[in-house]
Amino acid sequence: MDFPKDLLYTDNDEWVRVEGDTGTVGITDYAQDQLSDVVYVEVVVSEGEVVTQGDTCATIESVKAAADVYMPVSGKIIATNEELADTPELVNSEPYGAAWLVKLELSDSSELEGLMDAAAYEKFTAEKS
Amino acid sequence: MTEPRLCELSVPGRKGFSYSALDVPVAALPDHLVREELPMPELYEVDVIRRYTRLSQLNYGIDIGFYPLGSCTMKYNPRINEETARIPGFAHVHPLQPMITTQGSLALMYQLQEWLNRIGGFAGVTLQPAAGAQGELTGVLIIRAYHADRGDSQRNKILIPDSAHGTNPATSAMSGMHVVELKSDNRGNVDLGALRAECDETLAGLMLTNPNTLGLFDEHVVEVADIVHQAGGLVYGDGANMNALLGIVRPGDLGIDILHYNLHKTFSTPHGGGGPGSGPVGVAPHLVDFLPTPVVTVIEDGDDEMAPLFGLVSPAKTIGRVKAFHGHFGMMVRAFTYMCMHGEEGLRQIAEYAVLNANYLLAKLRDSYHVPYDRVCMHEFVAEGRWSDIPDIHALDISKRLMDYGIHPPTNYFPLIVHESLMIEPTETESKQNLDAFADVMIKIAQEAQQEPELLRNAPAVTPFGRLDEVKAARDLILRCAVDSDS
Amino acid sequence: MYFPHTPTEREEMLAAIGVGQIDELFEAVPEQHRFPDLGLPPALSEMEILNEMEGLAWANDSANELPCFLGAGAYLHYIPAAVDSILRRGEFYTAYTPYQPEISQGTLQAIFDYQSLVTALTGMEVSNASHYDGATAAAEAVSMAIANFRGKRSKVILSPTLHPHYRETIHTYNPAGDITFDGEDSALNNPPEALIPLIDNQTALVIVQYPDFLGRIFDLTELADAVHEQGALLAVSVNPLALGLINPPGEFGADIVTGEGQTLGIPLAYGGPYLGIFTTREKLVRKMAGRLVGETVDNRGQRAYVLTLTAREQHIRREKATSNICTNQGLMALAATVYMSLLGKHGLKQVSSLCYHKAHYAARQIQSLNGYELWSETPFFNEFVIRCPTTVESINEHLLEHNILGGYDLGQDYPELTDHMLIAVTEMNSKEEIDDLVMVLAEVSDD
């Protein structure tokens, strides 16, 4: 299981990569492993939309489960990953890379303080399973 | 082994069925409304009969062998039911005929309502719901309407134990209610502390499956109902497991306010490959006015010479209709036939033998399979389909291996509160020989899991089809094919 | 009774469990409530039951004995013998939902046939494995449209000539009042385009019936275009048998087609079980509730079928599912599958043409009677509205005295159609039966 050090994590298994005032959001290696083979990804927010921490931004389905993905932080959506509609399996193979879900302009950097770092998240997942 | 697609059987110009010639003058139809292409198959009757007969032979049903699918009550479907439902005077009655011409159907429905009342300890029954899930919806809509009628519309919270079937939360959400999950205690009962903590002025009700999905009778059920009632809520009973309670206890006596029956489980109407079901709902006196419309009632009392006159009426504060017409009448005829066949004593014996069979299997299997909530069970029990020393063997592998022995697997991966669960419900219609044979196979599979685990991982091997690629099905999404000769 | 245990076996089983009597297995049940008297009669033998049931059935007048002109959402059609012979196969009717595909390919491929046949007939792209009936299928169309817009659109326009039971069911399914309904009070003699001014950017769905409840066939192209211009969805509730003759809704752009499949080989049975048809467009498939079968392969490389997109369903989504539906109407979908396969291209066209011509013959004959008038000049399929010289109830009583089941009293649902009768004619009605109907109606008018 992979827990990249440059990311921040939520207790719903999302990650956010912060670069300046933009953030990239996806689901973790642990989450894709729990879901097993992903068959469908739907991003439900669109470019330009203003979202609040906790809003649903995507739905991910595998053959045996469905998961809603929530925004780890608030802000304005600047890009969504169109590729996943045709290649949902990227969520399994590259959860921290090609399978990013949305990019946004952060509106409240203080929200980042409530998220976990890699070590804390690794411990969190170990306790869950 | 795969049967061809319909379009591969279709031959241009072939006809399967012909009608009598037109005996009235032809009428014109405006051209712009007339359909140009009708891309339907062209088959002959023998093609059709062979196709569906051959397909039927790829199916496993109760008629073929043991079907211990937990929570589904796969009991024998008596042949007499199929005969009575097809009596022309039942099969060809239009639902909107004048009531005077449907007194036979109405009398049957009235009697069925009365008997379901007596079996459940209720004051009123609707026969309209099409299935158990629709019975649940009806029940939760009644809970909602009851509180609204009392000016208590802030009551929108439905409590659902963690062992519940997924329909319970789905139904509550569909009815605009807010769902809160309740933990079970270590004996599989509702956790009373957790229940009390959720009892406030927003409580609308509790959805309780009793016996629950572990097959266990809740040891505090009366107390649970009291706590909910004292907080102003109602108790909904999921009657999926009523087969264990016939003549044993009336849910109404335990404080259940509303309960749906599954005629296709408890009362032997066929499951039909997934429907049609039938989900009548019984209610306590304070809820009779909220039942869906219509219900059958006596309009004029009868006497020694004259039968009573039955009619359809709308309850005073009805939640409305949950479907068109009056419900699945064909299923009502079957269920009523089954009840007549058993009578008072026979109904109790159904529950007794269902519970005897389940406990007998539990006794035979508990040394080979871990049973996490191990006490006297009702009509079913839940074992774990895993062993700590063979971590890569799962409940699914055991299920698939059972097919190689000609047995339908139990329900697996439900309830969610047991890991790798195998939910086993033998029903009363199985003999001791069948149960012994099943237990022997299960014990043998447990040995195979230790000695030759690949037999389980590669199962099923002797069925016409092996394991399916479900990921491909969901990613490629082929949901239809052409059916006509031109394709 | 169906338990095979001998007294000896029972004792052996109790001994294996470790209890003396069966009663001991029920000690978790509160004692004061245990083993109640239910007050039910004693058991009957199979012979006695058959006798009893035949007696009850005899107290009905059935539509296959009397000439029947009653429709209004359920119709008497001929059911070819082949249909019931397949339905009676225990391999089909004693199976449950095909959760174990390796031993359920019969049910699965039959459902795949059903999905294929229904999409071909309606001109749509995907069909689920069915809902309960035409009413709940319409209610599910509303839930799906609302879910599609994720709560951003909350208005639903209901045609007043959508079956009254379907509209009632739609309202029952939406108790929270968070959907705004409009359109039901629109005038009955209006064409469907009269609904267009009601459609706005808050509208999620417009739902109409085709042919409508009053039997009329309207071209829905203009309505469909107007709905799409506002970004909303159009649902059309059909009588599938009519589609053997008239344009399918898929051709004029319907987004959802629902319908009552009873006309496809399912007996009247006093109202059920019937068949809820539900089809839609590929792009909406994940919003659709209900079972769905997809094609795939097994691990031996054989083409095979399996339940798919199950992540939409209640057992996974729980409180987030758009519907709580578990099963479909399996056996009824099988009946429709066998019926459609057998009739096929030629039979379906023939039966719907027979219905059409016979209904038009009946309408012309009745219209020529004193005091009776055809209410609308709009083209119709096999059902039409007649303004009567007196109450429909009294006419129907008179018809029944002559052993004829008359039409539906529209005044029950539409006050402006008091004394109007909805008359249905199918291939089951011979010219002689129609002439008898006309003769008896003439007597009423002359009285």
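This is a predicted model: local features need pLDDT of at least 70, side-chain atom pairs count only at pLDDT 80 or more; totals for chains, interfaces and linings use all residues.

Student: What radius of gyration does chain A have?

Tutor: Start with the extent: the C-alpha trace spans about 35 × 35 × 20 Å along its principal axes. A compact globule with 129 residues would have a radius of gyration near 14 Å. The value for chain A agrees with that: 13 Å.

Student: Which residues of strand β5 of chain C lie on each face, and are they buried or exposed?

Tutor: In a regular strand, side chains alternate between the two faces of the sheet. One side of β5(C) has C:Leu233, C:Ala235 and C:Ser237, and the other has C:Leu234, C:Val236 and C:Val238. Both faces are covered, and these residues are all buried.

Student: Which strands pair with β5(C)?

Tutor: Strand β4 (residues 203-210) of chain C runs parallel to β5(C), joined by six bridges.

Student: What handedness has the β-α-β unit of β4(C), α8 and β5(C)?

Tutor: Follow the chain through its parts. The unit takes in β4(C), helix α8 (residues 221-229) of chain C and β5(C). Its handedness is right-handed.

Student: Which residues have the most contacts inside the largest nonpolar core?

Tutor: In soluble globular proteins, nonpolar side chains tend to be buried together. The largest nonpolar core here has 341 residues. Helix α10 (residues 329-365) of chain B gives the most to this core, with 22 residues. The residues with the most contacts inside the core are C:Leu205 and C:Val206.

Student: Which element gives the most to the side of chain C that touches chain B?

Tutor: Here 168 residues of chain C are in contact with 166 residues of chain B. The chain C side divides into 88 nonpolar, 53 polar and 27 charged residues. With 23 residues, the element that gives the most is α10(C).

Student: Why is C:Cys355 called buried?

Tutor: C:Cys355 is found in helix α10 (residues 330-367) of chain C. Its contacts beyond four places in sequence include C:Phe381 and C:Val425. A residue counts as buried if 20 or more other C-beta atoms lie within 10 Å of its own. C:Cys355 is buried because the number within 10 Å is 27.

Student: How many of the 10 residues in helix α11 of chain B are buried?

Tutor: Helix α11 (residues 395-404) of chain B is mostly covered. What covers its buried residues includes β12 (421-424) and α12 (432-451) of chain B. Among the buried ones are B:Ile398, B:Lys400 and B:Leu402. Of the 10 residues, the number buried is eight.

Conventions. Residues are numbered from 1 along each chain as its sequence is written. Chains are lettered from A and ligands numbered from 1 in the order in which they are written. Helices (H or I, at least four residues) and strands (E, at least two) are DSSP runs, numbered from the N terminus. A residue is buried if 20 or more other C-beta atoms lie within 10 Å of its own, exposed if 12 or fewer, and partly exposed in between; C-beta atoms are placed from the backbone. Two residues are in contact if their C-beta atoms, placed from the backbone, lie within 7 Å. Ala, Val, Leu, Ile, Met, Phe, Trp, Tyr, Cys and Pro count as nonpolar, Asp, Glu, Lys and Arg as charged, and the others, Gly among them, as polar. A nonpolar core is a set of buried Ala, Val, Leu, Ile, Met, Phe, Trp, Tyr and Cys residues joined through C-beta atoms within 7 Å. The radius of gyration is taken over C-alpha atoms; the globule rule is 2.2 Å times the number of residues to the power 0.38. Two strands pair if DSSP finds at least two bridges between them. A crossover is right-handed if, with the strands pointing away from the viewer, the path from the first strand over the helix to the second runs clockwise.
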